[in-house]
Amino acid sequence: MKPGMALLFRSSVDSAARWQSELVRLSPELDIRIWPEFGDPSEIDYALVWHPETGLLASLPNLKLILSLGAGVDHILGDPQLPRGVPIVRLVDPYLTAAMSEYVALQVLRLHRQDVDYRIQQEAGIWRELPQKNAGERPVGILGLGEIGQHAGGKLASLGFPVSGWSRSAKTIAGFTTYAGAAGLMQMLGKTEILVCLLPLTSQTEGILCARTFAALPVGAAIVNAGRGRHLVEEDLIPALDSGQLSAAALDVFQEEPLPPGHPFWHHPRVLVTPHIAGITNPATAAPIIIDSIRRCEEGRPLVNQVDPAQGY
Ligand code: NDP
Ligand code: OXD
């Protein structure tokens with residue numbers, strides 16, 4: 001890499017020191033500038049970001065490449081001042097993917113084994129056996145068959161769950177039943193007892209977890225949302241849980257993060273809340289991927305995992 005290349009690091013998570021040491025170890029010639037004290041904006045070649053503030057990227061006139069600190073890029077594409085000609089790459093890291101699959105497997109098993117009901121029974125001191133199926137009798141449907149959806153689906157299939165998945169483009173994946181398009185979604189929902197959302201947030205997918213979707217699931221189905229908070233129409237969830245249409249929801253992402261104090265999800269007995277930790281970016285495994293993208297850009301080689309802003313992911 002040419003000496004003097006400058007990278008702006010901006011994250012809402014306090015991880016700058018770890019990132020700096022990983023990046024410098026791999027590429028000592030890279031000049032890392034930590035937001036907000038990053039000097040002359042015209043000197044910045046690369047921006048490695050999570051939730052950059054509106055206009056930050058547009059203020060960098062010589063920016064060559066935007067690198068997302070996460071797999072999702074809605075936090076970048078949502079900036080109305082985003083400089084449109086600058087390529088964006090998202091993070092695809094097997095470590096992150098494996099973490100997401102662990103989260104999905106955990107929540108699907110909890111929902112399948114009626115952990116929510118047993119927690120409620122324990123609170124009340126009730127010793128009662130509930131009828132229980134085996135995994136092979138509990139169909140799981142995954143919204144989004146990308147890097148994470150396919151990996152998580154593979155883990156669930158290895159646990160014995162019949163796995164279906166839904167994507168934008170039609171696919172054939174060994175061991176999965178696959179669906180695409182609006183009609184495909186309705187077909188999959190009708191056969192899904194646990195619905196897992198692993199979609200990117202786009203104008204097409206926003207609000208997909210809504211009353212209409214819940215009504216298309218069999219009575220007593222459960223949902224897992226590890227995509228983005230805006231996939232869920234939050235006000236539709238509690239009525240679906242209270243009516244018994246849904247039996248439980250495991251949520252890792254929310255419209256407002258942190259989830260505000262007093263939000264009904266905090267205390268609803270059938271909602272499992274985690275603080276956006278399903279897949280935490282790991283600087284040690286992600287830094288080599290970031291450096292590879294920068295080297296590709298410097299050398300004029302094709303980028304990998306480049307985002308298509310027109311599709312929104
Ligand atoms: P990918 O881009 O690899 O996969 C996205 C999948 O969604 C693809 O299968 C794509 O279809 C499908 N899709 C997109 N739009 C539509 C649509 N309109 N209709 C049907 N299917 C659609 O993404 P990843 O698997 O790497 O990541 C998925 C998301 O997971 C991220 O965008 C992020 O929001 C979330 N995430 C959450 C984390 C957490 O900690 N909670 C951590 C990491 C990621 P096709 O295959 O046809 O393109
Ligand atoms: C991601 C995330 O998109 O952490 O990687 O949510």
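Asp-117 is partly exposed, at a relative accessible area of 21%, a class that lies between buried (under 20%) and exposed (over 50%), with a 1.4 Å probe and protein chains only. The structure is a predicted model, in which local features need pLDDT of at least 70 and side-chain atom pairs count only at pLDDT 80 or more, while totals for chains, interfaces and linings use all residues. Residues are numbered from 1 along each chain as its sequence is written, chains are lettered from A and ligands numbered from 1 in the order in which they are written, and side-chain values use heavy atoms, with hydrogens and water left out.

The side chain of Asp-117 meets that of Arg-270 in a salt bridge, at 2.9 Å from N to O. This pair links distant parts of the chain, 153 residues apart: Asp-117 belongs to helix α4 (residues 115-123), and Arg-270 to the loop between α9 (264-267) and β12 (271-273). Helices (H or I, at least four residues) and strands (E, at least two) are DSSP runs, numbered from the N terminus. The whole structure contains 15 salt bridges, each a side-chain nitrogen of Lys or Arg within 4 Å of a carboxyl oxygen of Asp or Glu.

Another of these bridges joins Asp-74 and Arg-228, whose closest N and O atoms are 2.9 Å apart. Asp-74 lies in helix α2 (residues 74-77) and Arg-228 in the loop between β10 (221-225) and α8 (234-243), so the pair ties together parts 154 residues apart in sequence. Arg-228 is buried, at 13% relative accessible area. Arg-33 also pairs with Asp-31, at 2.9 Å from N to O; Arg-33 is buried at 14%, whereas Asp-31 is partly exposed at 27%.

Ligand 1 is surrounded by 28 residues, the closest being Arg-90, Ser-169, Lys-171, Asp-252 and Tyr-313; a residue is counted if one of its heavy atoms lies within 4 Å. By class, this shell has 12 nonpolar, 10 polar and six charged residues. Oxygen atoms of ligand 1 lie 2.9 Å from a backbone N or O atom of Leu-145, 3.1 Å from a polar backbone atom of Gly-146 and 2.5 Å from a side-chain N or O atom of Ser-169. Taken alone, ligand 1 exposes 940 Å², of which the protein buries 92%.

Gly-55 is placed in the loop between β3 (46-49) and β4 (65-68) and counts as buried, at 14% relative accessibility. Beyond its neighbours within four places in sequence, Gly-55 is in contact with Asp-79 and Gln-81, contact being heavy atoms within 4.5 Å.

Methods
A polar contact is a pair of N or O atoms within 3.5 Å; within protein, one must be able to donate a hydrogen and the other to accept it, and residues adjacent in sequence count only if both atoms are side-chain atoms. Accessible areas come from the Shrake-Rupley method with a 1.4 Å probe; for residues, only the protein chains shown count as cover. Ala, Val, Leu, Ile, Met, Phe, Trp, Tyr, Cys and Pro count as nonpolar, Asp, Glu, Lys and Arg as charged, and the others, Gly among them, as polar.
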